[in-house]
Amino acid sequence: MEVEAMVDDRWQWYPPEVEGWLGALWGKSAGRAGGTANLLLSHMLDTAAVAEIVWDRYLPPVTRRRLDAVAGGPGKGRRLFAWLCGIHDCGKATPVFQCLDPAGEAAVRQAGLTWDKYAVKGVSWRHDKAGARVLRALLTEATWSKEQVGWVWPLVAGHHGLIPTLGQLSPPKRNERLQGNSRPWKLAQSALVEVFSRELGYEGEAPLVAVEPLEVPSRAMQLQLAGFVVMADWIASDERHFQGVPDLAAVTMPQVRQRAAAAWARLGLRGGWGALPVPGPEAFRDRFGHGPRPS
């Protein structure tokens with residue numbers, strides 16, 4: 001009964017068909033998710049849950065402090081970090097991706113999201129670029145500043161290793177049907193990002209407003225974050241530890257956190273960078289056998 005109430009809560013902001021759409025949009029095909037397709041929302045939350053563990057057990061203290069500042073204060077960086085990692089695959093909620101797996105395509109069409117198959121057949125438009133395009137539009141609509149939008153979309157666009165320029169975010173021949181330019185597709189993309197954000201604790205009718213960071217991180221930190229997005233995605237994409245979840249009602253943060261913790265334990269990953277105590281005056285003598293020369 002508790003799960004049913006929570007699932008009902010997630011859809012209070014949307015027309016009834018939206019739940020069916022998010023219950024069909026796939027993120028990993030059955031062939032890449034242990035024999036059962038993994039819903040797109042499930043994979044995004046899996047990645048966010050992995051990111052939470054990376055924060056707790058791997059990130060150096062200095063990075064956590066800096067991300068807290070970016071997010072708006074102590075204790076806020078962890079949620080933002082998880083969001084930045086998990087949002088990476090929002091571009092899979094597009095016709096050009098959903099048509100790649102026949103079984104997945106059939107489920108999406110049956111749920112009511114359709115497209116012109118001749119417009120997308122045989123056309124290459126990567127989901128990382130598509131995701132950057134989706135996210136730029138949604139964050140701008142949520143009144144994010146241009147500066148904040150400008151450093152977040154490259155994390156999505158570059159999560160497979162190559163960050164494109166802004167000019168490379170238009171689909172081939174400006175064919176917006178690849179991206180999903182109908183009202184249902186726009187609503188599905190918006191709902192996916194919003195439901196994902198609410199699962200991480202950003203609440204309300206417009207959760208993206210609450211996600212916006214307070215500061216723009218340095219370029220060095222942006223590159224560091226890009227690497228951690230890739231790391232979290234790789235771990236959450238391992239079908240040995242993250243088998244597919246095709247039932248939307250089973251896609252909840254408590255469930256994905258259990259999966260992520262079990263995966264981390266089985267992988268045997270060590271803790272990352274820690275903090276060393278400041279050496280005392282005896283350190284020089286212990287190492288060299290005598291005290292330092294007077295200055």
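I am working with a predicted model. I looked for a partner and found that Asp-128 forms a salt bridge with Arg-126, with the closest N and O atoms 3.0 Å apart. Arg-126 is partly exposed, at 42% relative accessible area.

Next I checked Arg-240. Arg-240 pairs with Asp-238 in a salt bridge, and their closest N and O atoms are 2.6 Å apart. Arg-240 is exposed at 62%, whereas Asp-238 counts as buried at 16%.

I then searched the whole structure and got twelve salt bridges. One of them joins the side chains of Arg-78 and Glu-52, at 3.9 Å from N to O. Arg-78 lies in helix α5 and Glu-52 in helix α3, so this pair ties together parts that are 26 residues apart in sequence. Glu-52 is buried at 8%, and Arg-78 is partly exposed at 29%.

Which charged residue is buried yet has no salt bridge? I noted Asp-233, whose nearest side chain of opposite charge, Lys-28, is 4.9 Å away. Asp-233 sits in helix α13. Beyond its close sequence neighbours within four places, Asp-233 contacts His-43, Thr-47, His-88, His-159 and His-160.

Last, I followed α13 to α4. Their axes are 12 Å apart, at an angle of about 110 degrees. The two helices are therefore roughly perpendicular. In α4, Thr-63, Arg-66, Leu-67 and Val-70 meet Met-221, Gln-224 and Leu-225 of α13. I sorted these contact residues into four nonpolar, two polar and one charged.

Key:
Residues are numbered from 1 along each chain as its sequence is written. This is a predicted model: local features need pLDDT of at least 70, side-chain atom pairs count only at pLDDT 80 or more; totals for chains, interfaces and linings use all residues. Side-chain values use heavy atoms; hydrogens and water are left out. Axes are lines fitted to C-alpha atoms, for helices over the stretch in contact, and angles run from 0 to 180 degrees between N-to-C directions. Helices (H or I, at least four residues) and strands (E, at least two) are DSSP runs, numbered from the N terminus. Angles under 35 degrees count as roughly parallel, over 145 as roughly antiparallel, 65 to 115 as roughly perpendicular and the rest as oblique. Contact means heavy atoms within 4.5 Å. Ala, Val, Leu, Ile, Met, Phe, Trp, Tyr, Cys and Pro count as nonpolar, Asp, Glu, Lys and Arg as charged, and the others, Gly among them, as polar. Buried means under 20% relative accessible area, exposed over 50%, partly exposed in between (1.4 Å probe, protein chains only). Lys and Arg count as positive and Asp and Glu as negative; His and the chain ends are not counted. A salt bridge is a side-chain nitrogen of Lys or Arg within 4 Å of a carboxyl oxygen of Asp or Glu.
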